[in-house]
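Please open the model in your viewer and keep the selection panel at hand. The tour moves from one selection to the next and says what is found at each stop.

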Amino acid sequence: MLLAGGLMGCHSGSETTGESTAQPAAVAVITQPVQQLTQRHTVALSGALEADKTVDVGFQIGGRVSRVEVEEGGRVRQGQVLARLDPGSYRFALDAATATLARAQDEYGRLQLMYDRGSLTPSDLEAARTAVAQARAQQQQASKNVRDGQLRAPISGRLARRGTDPGELVGPGTPLFTIVSDGRIVVRAAVPEAEVGALRPGLAARVAVPALDSTFAGRVEAVGAVADPASRTYAVKITLPNPQGRLRPGMIAEVRLATARPEQVLAVPGEAVVRDADQLTYVFVADAARRQAFRRRVQVGGVAEAGVRIASGLRAGELVVVGGQQRLRDGASITLTPAVR
């Protein structure tokens, strides 16, 4: 009985050992090599949308505002009256200047007759002529003041700011209204000095506007010639058409400029890149000799022609898992199947 019990114990122990040494099944995965591509160098910039023209408008003379003809956010056309000043004192000044001019002209006419008869010296006639010219200039200035009591829009567009109300006293030259043009939109961005050499006017641009969840086609209009002394960056101006008026000044814009300079980049299919709970990106690299897959951190550098651009973490030709990676863990056994292209 003791012998039989010993044999049974040995047999049971051997079964337990067999179960503990069993290896997990290999995971079938699809792999694809990391590609090295030659593509045009891309410059990524951030900026804000601006109106092509922004004009601050104010009266050239001072006075009390009698009427405001427009509302903030509304459209205005060139030459439209925005506001009016009380014209009373300026009309009185115009009437007085007109009367002075008439009197000076009458005096000059009378002296001209005396000069023609030889009873007036040339210097006296010249003084009368000068008096007429001065009176005419004063009358013209008074007439201009009356006209300047109506503030008109210098351009067509939208009224971005209204800074006065009826009854307010305003001074000459005080900006009261801001008008932004309706036409094309401008993106102003700063480019590092290491990248400015690759940019030139006329370069095509792709401008993403997150607020609209849309991308627009633009063009580089100007590249700054002098760097900002503090940031060592150059100003770049990109213009966008805005026929439907969807683009509005102040929106954030993300710009990508494809330059003519070639560069070598590494690319993998987008499905190869996995993001964990900490928002870290990684891929599984397949070791064909050892039949294992290993997790490796990578840095994504944007979109490439063949998928996702890899800035660091991989080498050209390495095999990355593009199918079946959801069932993998670091160091898992795998069976490899090349991706069908």
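**Before selecting anything**

This is a predicted model, in which local features need pLDDT of at least 70 and side-chain atom pairs count only at pLDDT 80 or more, while totals for chains, interfaces and linings use all residues. Residues are numbered from 1 along each chain as its sequence is written, and side-chain values use heavy atoms, with hydrogens and water left out.

Colour the chain by pLDDT, the predictor's confidence in each residue on a scale from 0 to 100. The chain averages 86, and 91% of the residues score at least 70.

**The nonpolar cores**

Select Leu49, Val187, Val191, Val207, Ile238, Val255 and Leu257, which touch the most other members of the largest nonpolar core, a set of 25 residues. A nonpolar core here is a set of buried Ala, Val, Leu, Ile, Met, Phe, Trp, Tyr and Cys residues joined through side-chain atoms within 4.5 Å; buried means under 20% relative accessible area, exposed over 50%, and partly exposed in between, with a 1.4 Å probe and protein chains only. The elements that give two or more residues to this core are strands E2 (35-51), E11 (185-192), E12 (204-209), E13 (214-223), E14 (233-240) and E15 (252-268); strands (E, at least two residues) and helices (H or I, at least four) are DSSP runs numbered from the N terminus.

Centre on Leu257, whose contacts, not counting residues up to four places away in sequence, include His41, Val43, Leu45, Leu199, Leu203 and Val220. A second, separate core of 23 residues can then be selected through Val57, Val65, Val70 and Leu94, which are among its members.

Arg219 is in strand E13 and is partly exposed, with a relative accessible area of 45%. Arg219 and Leu203 are 16 residues apart in sequence, yet their C-alpha atoms are 5.6 Å apart in space.

Now step to Asp213, in the loop between E12 and E13, which has a positive phi of about 55° although it is not a glycine, and which counts as exposed at 72% relative accessibility. Arg232, in the loop between E13 and E14, also has a positive phi of about 55° without being a glycine, but Arg232 is partly exposed, with a relative accessible area of 41%.

**A four-stranded open sheet**

Select the four strands that form an open sheet in the order E3-E10-E8-E5, with antiparallel pairing. Strand E3 (54-57) and strand E5 (75-76) stand at the edges with a single partner strand each, so one side of each is left without a neighbour in the sheet. Strands pair if DSSP finds at least two bridges between them; E3 and strand E10 (residues 177-181) are joined by four, and Thr54 has Val180 as its bridge partner in E10.

**Around strand E17**

Six of the seven residues of E17 are buried, so this strand is largely enclosed by the rest of the structure. E16 and E17 form a hairpin with five residues between them, and Gln279 in the turn has a positive phi of about 65°; Val274 stands opposite Tyr282 in E17. On to strand E18 (residues 292-297), which pairs with E17 in the antiparallel sense over six bridges, Arg295 being the bridge partner of Phe284. Two bridges also join E17, again antiparallel, to strand E21 (residues 319-323).

Key
Contact = heavy atoms within 4.5 Å.
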